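Subject: Structure for you to look over

Dear colleague,

Here is the structure I promised to pass on, together with some notes on what turned up when I went through it. Please read the notes with the model open beside you.

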Amino acid sequence: MDSNLLPLITCPHHPTVTLMVEQIEYATDGTIERGYLRCPHCTRRYPITDGILDVLGTQWPASIAQWVNEMPPAAWAYERTWRPLALSLLSGEQFPLERELHLITELAGVERGGLMIDVGCSNGLYARALAHACRHHGANGFVVGIDLSRPMLLEARTRARAQKLNISFIRASAQALPFADGSANVLVMGGSLNEIGDIAAALAEWHRVLTPDGRGVMMSLTASPTPVGRLLQSLLSTGGLQFPTITELNQAFADAGLYVRDQWQYGIVVFSVVQVFDEMA
């Protein structure tokens with residue numbers, strides 16, 4: 001974990017309060033390996049172990065989908081099996097990872113730098129793409145990956161370190177991001193909206209955390225237009241997955257105070273670029 005990120009991290013229960021360092025130990029590369037941060041307001045202590053900050057504590061998965069993500073074999077297999085093929089299968093056209101990641105980083109505008117957060121990062125695929133793009137553009141900033149699943153975060157950290165990328169990982173909820181209001185230039189999410197549970201609360205956090213000119217870039221899945229697709233999604237919904245229609249998705253953005261700047265749909269795959277609605281405009 002990058003020690004330079006510490007002044008930006010707040011208590012998820014009191015997002016206006018910056019966490020204080022209680023104890024930290026550094027790895028040989030200068031990153032934080034273990035320690036504790038503490039909220040001076042509520043005195044909660046948050047551990048850092050294996051370089052990952054945990055502001056979530058004991059929280060049981062809320063759905064079957066989230067339970068699966070807690071399994072180390074699922075974390076190991078995610079990018080080795082399903083993820084490289086996912087968009088080609090779901091969009092109905094050739095959609096390799098290279099195309100997806102180029103689209104995400106271009107839409108995010110990473111050259112502006114600042115705080116960039118991959119929400120529901122899984123193995124950190126989008127976080128690594130952001131870090132590579134920052135390196136390419138010479139942008140100054142911090143890339144952070146956030147997820148509920150510690151096994152996913154451990155795999156994400158291993159992959160980032162193998163590529164010598166400076167990415168910090170935090171176990172936190174998408175509905176309670178540990179950052180101050182208006183602190184993030186970029187928020188990205190790759191498919192996690194469909195399984196995080198309370199979509200309205202998660203999007204409200206995007207509205208809270210994004211800077212006035214910040215960008216949120218999201219890849220999500222919508223309701224299938226075919227009977228077979230709807231049947232399959234109905235079965236998956238019993239495990240906690242949600243598949244809103246494009247109309248419902250855009251209404252959720254609007255209800256959260258986010259406006260859709262651009263949007264593209266490929267089969268049931270939708271890419272959305274959102275920004276905070278400017279009431280003065």
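One definition is needed before the rest: a residue is called buried when its relative accessible area is under 20%. Please also keep in mind that this is a predicted model, and that every value below was computed from it.

Gln275 has a relative accessibility of 8%, and because buried means under 20%, it counts as buried. Its side chain reaches the backbone oxygen of Gly214 at a distance of 3.3 Å. If the neighbours within four places in sequence are set aside, Gln275 is in contact with Asp213, Gly214 and Arg215, and also with Gly257, Leu258, Tyr259 and Arg261.

As for the chain as a whole, it has nine helices and 13 strands, and 52% of its 281 residues count as buried. The radius of gyration is 18 Å, which agrees with the value near 19 Å that a compact globule of 281 residues would have. Taken along the principal axes, the C-alpha atoms fill a box of roughly 55 × 50 × 40 Å. Among the contacts between residues at least 6 apart in sequence, 66% join residues that are at least 24 apart.

By class, the lining of the largest pocket divides into 17 nonpolar, ten polar and two charged residues.

The second largest pocket has a volume of about 180 Å³. Of the 14 residues that line it, Asp29, Thr31, Arg161, Leu165 and Asn166 lie nearest its centre, and the elements that give two or more residues to the lining are helix H6 (150-162) and strand S9 (167-171). The lining of the second largest pocket divides into five nonpolar, four polar and five charged residues.

Cavities

How many cavities of 30 Å³ or more does a search of the whole structure find? The search finds two. The largest cavity has a volume of about 250 Å³ and is lined by 22 residues, of which Gln66, Asp147, Leu148, Ser149 and Ile196 lie nearest its centre. Nine nonpolar, nine polar and four charged residues make up the lining of the largest cavity.

The second largest cavity holds about 70 Å³ of space. Tyr78, Arg83, Asp118, Gly120, Cys121, Ser122, Leu125, Tyr126 and Gly190 line this cavity, and by class they come to four nonpolar, three polar and two charged residues.

With best wishes

Note on methods. Residues numbered from 1 in each chain as written. Predicted model: local features only at pLDDT ≥ 70, side-chain atom pairs only at ≥ 80, totals over all residues. Heavy atoms only, no water. Nonpolar A, V, L, I, M, F, W, Y, C, P; charged D, E, K, R; others polar. 1 Å grid on protein atoms, 1.4 Å probe; cavity = no way out; pocket = protein on both sides within 12 Å on 5 of 7 lines; lining within 4 Å. Points joined across faces, edges and corners; volume = space filled by probe spheres on them. Helix = DSSP H or I, 4+ residues; strand = E, 2+ residues; numbered from the N terminus. Buried < 20%, exposed > 50% of the residue type's maximum accessible area, 1.4 Å probe, protein only. Polar contact = N/O pair within 3.5 Å; in protein donor to acceptor, adjacent residues only side chain to side chain. Contact = heavy atoms within 4.5 Å. Rg over C-alpha atoms; globule rule 2.2 N^0.38 Å.
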